[in-house]
Amino acid sequence: MRHLVCLVLLLLCSSWLGVHCKKLLQKSSRVSLPLHHNRQSSKRCSSFVSTQIACLRHASTNAADVKIQRLSTSSTNDGGYVPPPYPLDDNGRPIDIKSNQQLLGGLQTPHSGRKFTPTHPSYNNSTSSRRKSRLRSKLSRLFRRNNRRFTEGWYYRLTLPEYNESFVFIFSIEDAGRYIKGEKSPLTLACMQLLGPDDTYLVQSDEDDTKFWGWKYAQGFGCTFEWKDDEEDGDDSTKRHIAAMTPEEWRDRVKSGFQILPFHLQGRLDGHDGTLGGVKSNQGIAGTADYDISLRPVAGWGQYSPLSSSHLQQQQTNEFLAAKQISYRQLSTAGWLAKFPVFEPHWQITMAHARATGSLNWNGTVYDFKDAPFYGEKNWGGAFPTKWYWSQCNSFDDYPDLSFTAGGGIRILPFSFLPGKRTETLGLIGIHYLGNFYEFVPWTSESEWEVSPWGMWKFRGRCIDNKGGQKYEADIVVRTDDDVPGVLLRAPTKEEGMQYFCRDSGFGRAVVNLWELDWDEESRDYVRSPNKPPLIDNATSRQCTVEVGGGPWWSTWKVKSEMSSILKKLIRLPYAFRKS
């Protein structure tokens, strides 16, 4: 066991050295840039796919044959929250936000920025920079991911209670800049997947990874599949160097693609029904989607100000946030070791709770909305876990400020080639409510789950960790009706790229309970407080997202989360410096 600890520490040191070597090289090769520079088992179970494929609902409507129908609610109107302005470069385009937490409302989480190595021309647009880049690439092979399988994906969910619908936006970049024996990786792909009304599914992708850009620090990335035709708009070589754009410029210039900035989500999908054919173009029935959404972050992954707070109703300008000195402690969802390529895949919730205002056109039907619940997270690493479950909801009856996320799976341990345990099964629960964050993670809490192949998800968490500062118990049950089969979605696999590998639905019926625990002398244990009402008492929703992935899923999966004692001690190190 001592050898394992030494190897883990050695890996951490190597990663640290790689990062600092990179920084030194960057300092020696600074150039002036015109633009801002500033989930093992990838082989899916054939039986899983064959038994579920018959349950799919097809999004087979061609937008060209549909008359536009506009849906709206009485709450849609002008005024209210106005997103803060972005800092701009000399060309009037948004630049990365490294440490301006006042602008971001103190809600920027760790790992908000990109993890992949971008190949977009805006990051490498001079002869000198290209020479230095080749030098950095040779050194970074010892420490970075360029020579191995790597994918980064972002998941966002928009819930529209008035329509009893929800929309899911999934963006991913695979094997950017990766070459195998001198040839470009056959798995390189930039992809946009959308899940819409009645669990319908659209997809568009491109094998050109140089179209995909991403900010290093803040949550900003995008990909322009196709530009609008405009003779006065410059040639293709000029357009290729454009990365982030203001929302106004993006609307004017992009024909298909997507872009997300800290306060905006925009996209135009000109693709096909994802339930038919493959992920690449022209492999299914044509379908379109167009969305333009302003975002108001409410909670990241940690402390936050309640949704009902008066200051959130005001325009969050730099001056206002600075005057209030707003600063909230945001946490790494998977612990501080997520900074290193030790445990993969990694997972970070970036927006546990947000509000969205805008419009969305799905195959000819337009949805207008204001202050709708919105959620965001990301994953990165070599591939998804071998088996996992996941559930999320932030749209509850009578609990507008409640959001929960629960997830778990089987991951491969580092140095799995050594004798001993090769995998571990872990799960967590995170609840945001009235400004408080209730965290049930393997290194401070007990958690267990019971998840069926489809139709039932049960989670229980209990935290009595003194250094963690929380003594709570959570119980969450989610079920789907018999007439909700879900839809098969694609996820990155290690050997085959984007393949059907998980099953989702946005129509789960959730019941959430949360209790505070008090010490009981008779039982010598913490128990649900008999003199206090539940913190959350049977909060219900019919719009909970649920997912099962990987496999095999032959029977109900009932497990208690257990982390290795050595790794638990490592990941608990920051808690030693917390106040009880």
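# Structural briefing: cores, strand pairing and salt bridges

Trp301 and Leu489 touch the most other members of the largest nonpolar core, which has 39 residues. The structure is a predicted model. A search of the whole structure finds 24 salt bridges, and strand E20 (residues 456-463) is largely enclosed by the rest of the structure, because six of its eight residues are buried.

**Nonpolar cores**

- A second, separate core holds 38 residues, including Ala190, Leu265, Tyr367 and Phe369.

**Strand E20 and its partners**

- Strand E19 (residues 446-451) pairs with E20 in the antiparallel sense over six bridges.
- In this pairing, glutamate 446 stands opposite arginine 462 in E20.
- The two strands E19 and E20 form a hairpin with four residues between them, and glycine 455 in the turn has a positive phi of about 115 degrees.
- E20 also pairs with strand E21 (residues 472-479), in the antiparallel sense and over eight bridges.
- Methionine 456 stands opposite arginine 479 in E21.

**Loop residues**

- Aspartate 465 lies in the loop between E20 and E21; its relative accessibility is 13%, so it counts as buried under the 20% cut-off.
- The side chains of aspartate 465 and arginine 572 are joined by a polar contact of 2.7 Å.
- Not counting residues up to four places away in sequence, aspartate 465 touches Thr444, Gln470 and Arg572.
- Arginine 422 lies in the loop between strand E16 (402-412) and E17, and is partly exposed, with a relative accessible area of 45%.
- The C-alpha atoms of arginine 422 and isoleucine 412 are 6.0 Å apart in space, while the two residues are 10 apart in sequence.

**Salt bridges**

- Side chains of opposite charge can pair when their charged atoms come close.
- Arginine 149 forms a salt bridge with glutamate 174, with 2.5 Å between the closest N and O atoms.
- Because arginine 149 lies in the loop between helix H3 (127-140) and strand E2 (151-160) and glutamate 174 lies in strand E3, this pair ties together parts that are 25 residues apart in sequence.
- Arginine 149 counts as buried at 6% relative accessibility, and glutamate 174 counts as buried at 1%.
- Glutamate 473 and arginine 528 meet through their side chains in a salt bridge of 2.8 Å, N to O.
- Glutamate 473 lies in strand E21 and arginine 528 in strand E24 (residues 525-528), so the pair ties together parts that are 55 residues apart in sequence.
- Glutamate 473 counts as buried at 7% relative accessibility, whereas arginine 528 counts as partly exposed at 40%.
- A salt bridge also links arginine 509 to aspartate 481, the closest N and O atoms being 2.8 Å apart.
- Since arginine 509 lies in strand E23 and aspartate 481 in the loop between E21 and E22, the pair ties together parts that are 28 residues apart in sequence.
- Arginine 509 is partly exposed, with a relative accessible area of 28%; aspartate 481 counts as partly exposed at 28% relative accessibility.

Definitions and conventions
Residues are numbered from 1 along each chain as its sequence is written. This is a predicted model: local features need pLDDT of at least 70, side-chain atom pairs count only at pLDDT 80 or more; totals for chains, interfaces and linings use all residues. Side-chain values use heavy atoms; hydrogens and water are left out. A nonpolar core is a set of buried Ala, Val, Leu, Ile, Met, Phe, Trp, Tyr and Cys residues joined through side-chain atoms within 4.5 Å. Buried means under 20% relative accessible area, exposed over 50%, partly exposed in between (1.4 Å probe, protein chains only). Two strands pair if DSSP finds at least two bridges between them. A polar contact is a pair of N or O atoms within 3.5 Å; within protein, one must be able to donate a hydrogen and the other to accept it, and residues adjacent in sequence count only if both atoms are side-chain atoms. Contact means heavy atoms within 4.5 Å. A salt bridge is a side-chain nitrogen of Lys or Arg within 4 Å of a carboxyl oxygen of Asp or Glu.
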